[in-house]
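Trainee: Can we go through this model together? I'd like to start with the contact between the chains and then look at some side chains.

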Amino acid sequence: MRPVNLTTVLLTLIVALTFQLYPWSGQGVILRPDFLLVVTLYWVIRAPHLINVGIAWFAGLIVDLSTGSLLGQHALAFGFAAFLALLYQRRLVLFNRWQLTVYVFALLITERAIVLMLKLFADNENPGLSYFWPVITTLILWQLMVLMFGAPTRPRH
Amino acid sequence: MLKGVHQKLEPQESPAFFVRGPSPFSRMMFFCALSIVLMAVDSRLNYLAQFRQTFIAALHPLELIAQAPSDWGMNIRHYFTAHGRLLDENQALKQEAVQHKVMLQRLQMIELENAHLRTLLQGNAPIIPKAILGEILHMGRDPFSNVIVVNRGTHHDVKAGQAVVDAEGVIGQVTRAFPFSAEVTLITDDNLAIPIQVERNQLRAIAFGEGKSNTIDLPFLPTSVDIKVGDRLVTSGIDGVYPAGLAVATVTEVRQSPDSPFAKIVSTPIAGVNNHLQLLILSLPESQQSAMPTEATQVKTETAKPAPTTSPSPTAKPSIENKPNASR
């Protein structure tokens, strides 16, 4: 696990935001992954000294602004997911790749559940279980991040 | 002595082994509180609209980059559309244009006649709103809301509250205008109401969206109401936002349940939001301040026109003219 500098982190975040802004249409919307969330969580686990709850929260705020939803909904969910990742961060880097994937799956589900809860509080329609489909595509994206930047776990000797 | 040292050291806290700043929990609590405050402010107060606008303007270049691949794809697809298909389409469009021209001739005659009748009745001339052609950028990134985003914003004089229509009928209303884009809430959104009229018998009502299901509801109409399946609902124009006579929906279901005094009337929107990209953003006829003086002048000219024939106005006119004379 090589050390990372802040510019790579910020660049990947901006690329993720660009993908987030890509106009999706038709049935693909149901499967659209959370680009920014997965990149943020990756860096939170990989480099907690650079990306912490605050930047994750800010990334969520940008998602709120770009989707036009109530300010603070995604921010809260992103911040909480980053907190859960940080809470066990020193244990997570000891996990193997698939254990880590399972944990990230739980984080993504938590984030979606928080947003869903806040949306329902704000008088939105219940979209049903299909709202959780993007978690699968986001997990695939996680594997892609691991392929590109290396697993955020310690190599075994 | 040993005991004394022990007593001195005991109340000290052990320093953290890793220096990580504030603990994740305290950070999380702080940002949770911050986002709850933001949500409350955003939902109840209107302070954040300007912030949102400036931010979305700043995000515009990134949005352009994000759209570039799909734009290229569209261009390539357009390039490869078969020549024959374009010819066919051209033929069909020409035929349609001829048909429309014939209809337009009739419309012009009827409009002239209508204007004449209106002047006879001394009514106001109907306002024909100006329109801006826009294109749908995307169907909104939020799966919860029935919103589309169009590529016209405050730079193109789009304001919140304007009606949006396509060739078939009403699509919705602009709810947020950003510098280069605007958010259009569809008529199927449960927060949007639209005053309508049944085309067949001119019955007025207010239609509400139903949220997810792509239908429109007409609540609080008695079970004896004269609405049948297949009736066309058009805008009544009494709100000043939507011009009168635009198609809104067709009634698909009329149910009467014995335990409710109201009929359950379900209709589906006519406008095809999913079918094409272009739409028209109509300018607001009345809420503009510039519209108010023109209305006033209209009233003035109307009162001035019959002035020679009616008796009270000649007496009123000299009285106004006399005032400056008296002061001199």
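Mentor: What follows is a walk through a predicted model, starting with the interface.

Trainee: How many residues of chain B are in contact with chain A?

Mentor: On the chain B side there are 39 residues, and they touch 39 residues of chain A.

Trainee: And what area is buried between the two chains?

Mentor: About 3700 Å², with carbon and sulfur atoms giving 71% of that area.

Trainee: How many salt bridges and polar contacts are there across the interface?

Mentor: The rule finds zero salt bridges between chain B and chain A. For polar contacts the count is four residue pairs, with both residues at pLDDT 80 or more.

Trainee: Which elements of chain B supply the side that touches chain A?

Mentor: Helices α2 (24–44) and α3 (49–80) and strand β1 (131–138) of chain B each supply at least two residues. The largest share comes from α2(B), with twelve residues.

Trainee: Give me one residue from that helix. What is B:Pro24 in contact with, sequence neighbours aside?

Mentor: B:Pro24 is in helix α2 of chain B. Leaving aside neighbours within four places in sequence, B:Pro24 contacts A:Val53, A:Phe83 and A:Leu86. Its relative accessible area is 14%, so B:Pro24 counts as buried.

Trainee: New topic, aromatics. How many aromatic pairs are there over all chains?

Mentor: Twelve. Take A:Tyr42 and A:Phe149: their ring centres are 6.2 Å apart and their planes are at 50°, so the pair is tilted.

Trainee: Where do those two sit in chain A?

Mentor: A:Tyr42 is in helix α2 (residues 35–46) and A:Phe149 is in helix α7 (residues 134–149), so the pair ties together parts that are 107 residues apart in sequence.

Trainee: Is A:Tyr42 buried or exposed? And A:Phe149?

Mentor: A:Tyr42 is buried, at 0% relative accessibility. A:Phe149 is partly exposed, at 27%. Both rings belong to a cluster linked by ring pairs, together with A:Trp43 and A:Trp142.

Trainee: What about B:Phe30 and B:Phe31, how are those rings arranged?

Mentor: The pair is edge-to-face, with 5.0 Å from centre to centre and 75° between the planes. B:Phe30 is exposed, with a relative accessible area of 51%, whereas B:Phe31 is buried, at 16%.

Trainee: Which arginine lies over the face of A:Tyr131?

Mentor: That is A:Arg112, at 4.5 Å from the ring centre. Likewise, A:Arg97 lies over the face of A:Trp98, at 5.3 Å from the ring centre.

Trainee: Back to chain B. What does its secondary structure come to?

Mentor: Six helices and twelve strands. Chain B has 328 residues, and buried residues make up 31% of them. Of the contacts in chain B between residues at least 6 apart in sequence, 55% join residues at least 24 apart.

Trainee: Salt bridges, then. How many over all chains?

Mentor: Nine. One of them joins B:Arg200 and B:Asp226, at 3.5 Å from N to O. B:Arg200 is in the loop between β6 and β7 of chain B and B:Asp226 in the loop between β8 and β9, 26 residues apart. B:Arg200, B:Asp226 and B:Asp231 are joined into one network by salt bridges that share partners.

Trainee: Which salt bridges does B:Lys264 form?

Mentor: B:Lys264 pairs with B:Glu210, the closest N and O atoms being 3.0 Å apart. B:Lys264 also forms a salt bridge with B:Asp217, where the closest N and O atoms are 3.6 Å apart. B:Asp217 is in strand β8 and B:Lys264 in strand β11, so this pair ties together parts that are 47 residues apart in sequence.

Notes. Residues numbered from 1 in each chain as written. Chains lettered and ligands numbered in written order. Predicted model: local features only at pLDDT ≥ 70, side-chain atom pairs only at ≥ 80, totals over all residues. Heavy atoms only, no water. Phe/Tyr/Trp six-rings, centres within 6.5 Å; stacked < 30°, edge-to-face > 60°. Helix = DSSP H or I, 4+ residues; strand = E, 2+ residues; numbered from the N terminus. Buried < 20%, exposed > 50% of the residue type's maximum accessible area, 1.4 Å probe, protein only. Lys NZ or Arg CZ within 6 Å of the ring centre and 35° of its normal. Contact = heavy atoms within 4.5 Å. Buried area = accessible area lost by both parts, 1.4 Å probe. Salt bridge = Lys/Arg side-chain N within 4 Å of Asp/Glu carboxyl O. Polar contact = N/O pair within 3.5 Å; in protein donor to acceptor, adjacent residues only side chain to side chain.
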